[in-house]
Amino acid sequence: MSGTATAGALSATELAAIRADFPILAERVNGHDLVYLDWGATSQRPRQVVEAEVDYVEHRNAAVHRGAHTLAAEATEEFEAARAKVAAFVGAGADEIVWTSNATEALNAVAYSIGNASLGRGGPAAERFRLGPGDEILSTELEHHANLIPWQELAARTGATFRYVPVDDDGRLRLDLLDELLTERTRVFAFAHVSNVTGEVQPVADLVARAHAVGALAVLDACQSAPHLPLDLHALGVDFAAFSGHKMLGPTGVGVLYGRREHLAAMPPFLTGGSMITTVTMEGAEFLPPPQRFEAGTQRVSQAIALGAAVDFLARVGMDRIASHEAELGARLLAGLQQIDGVRILGPVGEDVERTGLAAIDVPGIHAHDLGQHLDAQGIAVRVGHHCAQPLHRRLGVTASTRASAYLATTPDEVDAYLAALPGAIEFFRRLA
Amino acid sequence: MSSDVESLYQEIIVDHVKHPRHYGLQEGATVESHQLNPTCGDEVTLQLTLDGDTITDAHWTGRGCMVSQSSMSILAEQLPGLTAAEAGERIESFRASMRSRGEIPVDEDLLGDAIALEGAAKFVARVKCAMLGWVAAEDALAKR
């Protein structure tokens with residue numbers, strides 16, 4: 001982390017310099033300059049990240065954690081150095097960082113490990129993770145499917161009961177119901193730090209404290225926070241967290257599971273096979289300590305190394321400054337959207353609401369796919385659909401929405417271009433109707 | 001504004017969206033299919049009534065974007081009177097055009113108003129929208 005004292009937003013000069021590192025931002029799409037406002041779905045990669053991966057592949061590529069030749073040693077060293085960088089970036093120890101294919105796999109790893117413990121795997125050490133009838137798993141109505149379905153399935157496998165914190169008509173979590181929902185029966189409380197639809201930031205430390213007060217494990221979906229906000233997992237006190245590389249300037253194919261070391265050390269593995277064992281006989285196997293225990297099979301080495309370069313890039317700019325920049329863009333986006341007739345912003349909006357730089361909207365009578373098509377024709381890339389949050393959309397009375405999401409390389413001009421194009425797109429479809 | 005996007009929303013499409021044909025489910029259908037586009041949540045439910053191998057009636061409901069809803073309406077209007085084999089031929093022809101990225105024009109003689117959906121083939125992301133109702137028809141016919 002840069003740890004810079006100034007949390008001022010990025011200057012125009014700095015922003016231009018950052019953008020120069022993203023070759024794709026100079027693309028023309030459908031005859032227009034690309035206005036990329038889909039960073040929340042997948043971020044673009046700066047050349048430093050691409051070059052780190054290429055440099056590794058061209059000069060040091062080898063199997064890690066096996067083999068004794070020079071390249072194997074260098075590859076292992078670089079792979080582990082990337083782990084240490086990512087750990088430092090989120091305020092964790094390197095031994096608490098497990099590489100996964102994506103955030104979905106990370107959340108499934110926790111759920112399946114708990115499921116395996118519930119079957120008696122992991123022995124007495126894993127007993128505290130066992131779930132069964134009478135136990136409850138709590139999630140929320142605004143979750144991405146990745147932090148919802150694994151828990152529904154875990155409940156179905158173990159006989160535990162799945163419950164959720166509902167949202168109100170504005171899409172705000174009904175935290176006033178938490179006393180009723182989070183009880184001594186609750187064993188797991190899984191929730192998103194930042195909703196990928198509403199962008200609202202949840203009071204994580206408070207929710208974790210309340211989970212711990214009833215003896216529940218707190219599992220954090222940090223996919224929309226790790227890339228956008230300074231994150232200190234130790235300070236937040238969460239038991240587990242998951243985030244994905246491709247949303248934070250890294251490549252696809254790599255995600256991260258954070259687990260407190262005393263948990264990972266006591267948990268049985270999810271995937272089993274090569275590279276995660278000490279002794280194997282025809283009767284069974286003994287497993288390596290974490291994180292290797294949770295990294296079966298060939299690892300995504302070049303992707304992990306590139307993710308290390310991505311967090312270097314983010315830290316160099318400074319997460320506090322990126323968050324300030326996005327807060328400004330987010331405020332500009334919301335203010336602009338509020339001025340456009342017929343636009344409904346999903347999620348709570350107001351002085352008291354902390355949101356990241358994204359906004360999903362519904363335009364009653366106009367389908368998001370149609371709206372997105374019109375914007376795309378002008379080179380404006382936004383996300384349309386349910387954003388893997390069907391229950392939240394259903395609760396808000398829509399099947400799909402149009403989401404614009406900003407990041408460190410987004411300019412105020414790009415936000416303005418989107419805001420300027422929207423009324424024309426709406427008018428186009430209104431005229432047809 | 002690109003002419004491609006304007007050509008996507010032709011008058012025929014708008015007309016089918018405003019006045020969907022054969023809309024509303026009815027009792028007594030022979031076969032039914034519900035299709036959902038998981039990426040956007042668009043859905044259609046199509047009911048077919050058959051007399052032997054001949055489709056005698058078609059009804060549907062649905063919700064979603066203009067492309068998926070107009071496409072279902074256009075097909076529903078054509079189906080009554082066709083044999084299952086004839087319907088299958090139209091579905092295959094339409095699918096070939098939709099998957100061709102604009103290379104294979106929609107056969108207007110065979111597919112009538114579906115010519116208006118030709119523009120969707122240029123947008124890979126919209127092919128699924130255009131195909132939704134046709135997949136419903138294919139699925140429903142497979143159940144007979």
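Helices here are DSSP runs of H or I with at least four residues, strands are DSSP runs of E with at least two, and both are numbered from the N terminus. On that basis, chain A has 14 helices and 17 strands.

A word on the source. This is a predicted model, where local features need pLDDT of at least 70, side-chain atom pairs count only at pLDDT 80 or more, and totals for chains, interfaces and linings use all residues. Residues are numbered from 1 along each chain as its sequence is written, chains are lettered from A and ligands numbered from 1 in the order in which they are written, and side-chain values use heavy atoms, with hydrogens and water left out.

Chain A, then. The radius of gyration is taken over C-alpha atoms, and the globule rule is 2.2 Å times the number of residues to the power 0.38. Chain A comes out at 22 Å, which agrees with the value near 22 Å for a compact globule of 433 residues. Its C-alpha atoms fill a box of roughly 70 × 55 × 40 Å along the principal axes. Of its 433 residues, 59% count as buried, meaning under 20% relative accessible area with a 1.4 Å probe and protein chains only. Contacts are next, with heavy atoms within 4.5 Å. Take the contacts in chain A with a separation of 6 or more: residues 24 or more positions apart account for 72% of them.

Now chain B. Six helices and three strands make up its count. Along the sequence they run α-α-β-β-β-α-α-α-α. The radius of gyration is 14 Å, close to the 15 Å from the globule rule for 144 residues, so chain B is as compact as a globular protein of that length. The C-alpha trace of chain B spans about 45 × 25 × 25 Å along its principal axes. Of the 144 residues of chain B, 50% count as buried. For contacts in chain B with a separation of 6 or more, 60% come from residues 24 or more positions apart.

On to the interface. How many residues of chain A are in contact with chain B? There are 16, and they touch 21 residues of chain B. Interface size is often given as the accessible area lost when the parts come together. Here buried area is that loss, with a 1.4 Å probe, summed over both parts. Between chain A and chain B it is about 1,600 Å², and carbon and sulfur atoms give 62% of it. Which three residues supply more than any other three of the area that chain A buries against chain B? They are H369(A), Q373(A) and L432(A), with 35%.

How values were computed:
Buried area = accessible area lost by both parts, 1.4 Å probe.
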